[in-house]
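Q: I am new to this structure. Please show me how to read a few of its features.

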Amino acid sequence: MRARKVIDVQETARLIALGLPPALPVTVRVSARARGIVLRMLPGSGLEVVSPAGVAPAYLLQAVEARRDWIARVFGRLSAEGGFSGRAAEVPRPARLVLTAFSREWALTYLSKDRPGCAVTARGPGALVVSGAVQEAAAVAAALSAFCRLRAGELLRPALAQVSRETGLPYSALTIRAQRTRWGSCTAKGRISLNYTIAFLPWELCRLVMLHELCHTVELNHSPRFWDVVEGFVPGCRELDARLNSARHYLPLWLSSL
């Protein structure tokens, strides 16, 4: 069997960056688990191109060119929120919180107090006050994360129960977590874990994560049989799943401070 060519990821990233805005960092990562070329716009980090082993740089360049409009759109939005410096201290404080999947939104104001950490309190319908060490990006992010995790949990629990009823796929328990790399997981005993950040995604992607984990109660793998089960509930699910692979650009920039 012919050995797969190992690409120079730094040189490939440099070539990709030549055709993109100068302020946009680009990284290339080769993954043995990747099923195809995936583009991710990561808050605070820039464009990440994930490639299966053995893919020629020319194909990566073509994939980036094909999504140039998407890259420009997301780059513009994230640049307006503070750019791609990757340093937590430079991440601007958000003016609002939006749990997109559930159309929940809160306006934010800040009150500096001489105490460690931050707290989030309701100021009225759709309004929150973040108080404490509001000049510290990490403290603000930790407080907002705790608030969003609680509110997302309150929304995701009945949502998963509803999807379970619609599909007839039962589960035994649900845990809301803050995983770094996974949107969700399911055990052999039907215990589902959901990353609270899926509440920041569009509803169709949030629902796909829930349905994906429910389908693991039937097939605890990613075999063709598993995808046949998912396809039965969501025709064209593989295309939607490809969108999910590059969906981290929907997450708010302040999360990069955690």
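A: Start with helices. Helices here are DSSP runs of H or I with at least four residues, numbered from the N terminus. By that rule, Leu61 falls in helix α2, residues 57–66. Keep in mind that this is a predicted model.

Q: How are two packed helices described?

A: Two packed helices are described by the angle between their axes and the distance between the axes. Here, take α1, residues 9–18, and α2. Their axes come within 10 Å and cross at roughly 35°. The crossing is right-handed. On the α1 side, Thr12, Leu15 and Ile16 make the contact; on the α2 side, Pro57, Leu60, Leu61 and Val64 do.

Q: Is Leu61 buried, exposed or partly exposed, and why?

A: Buried means under 20% relative accessible area, and exposed means over 50%. Leu61 has 33% relative accessibility, so it counts as partly exposed.

Q: Why does Glu219 count as buried?

A: Apply the cut-off of under 20%. Glu219 has 13% relative accessibility, so it counts as buried. Glu219 sits in the loop between α5 (203–215) and α6 (224–233). Leaving aside neighbours within four places in sequence, Glu219 contacts Arg225, Phe226 and Val229.

Q: Which phi does Ser103 have, and where is Ser103 found?

A: Ser103 is not a glycine, yet its phi is positive, at about 55°. Ser103 is found in the loop between β4 (96–99) and β5 (104–112). Its relative accessible area is 67%, so Ser103 is exposed.

How values were computed: Residues are numbered from 1 along each chain as its sequence is written. This is a predicted model: local features need pLDDT of at least 70, side-chain atom pairs count only at pLDDT 80 or more; totals for chains, interfaces and linings use all residues. Side-chain values use heavy atoms; hydrogens and water are left out. Helices (H or I, at least four residues) and strands (E, at least two) are DSSP runs, numbered from the N terminus. Buried means under 20% relative accessible area, exposed over 50%, partly exposed in between (1.4 Å probe, protein chains only). Contact means heavy atoms within 4.5 Å. Axes are lines fitted to C-alpha atoms, for helices over the stretch in contact, and angles run from 0 to 180 degrees between N-to-C directions. A crossing is left-handed if the near helix is turned anticlockwise from the far one by less than a right angle, and right-handed if clockwise.
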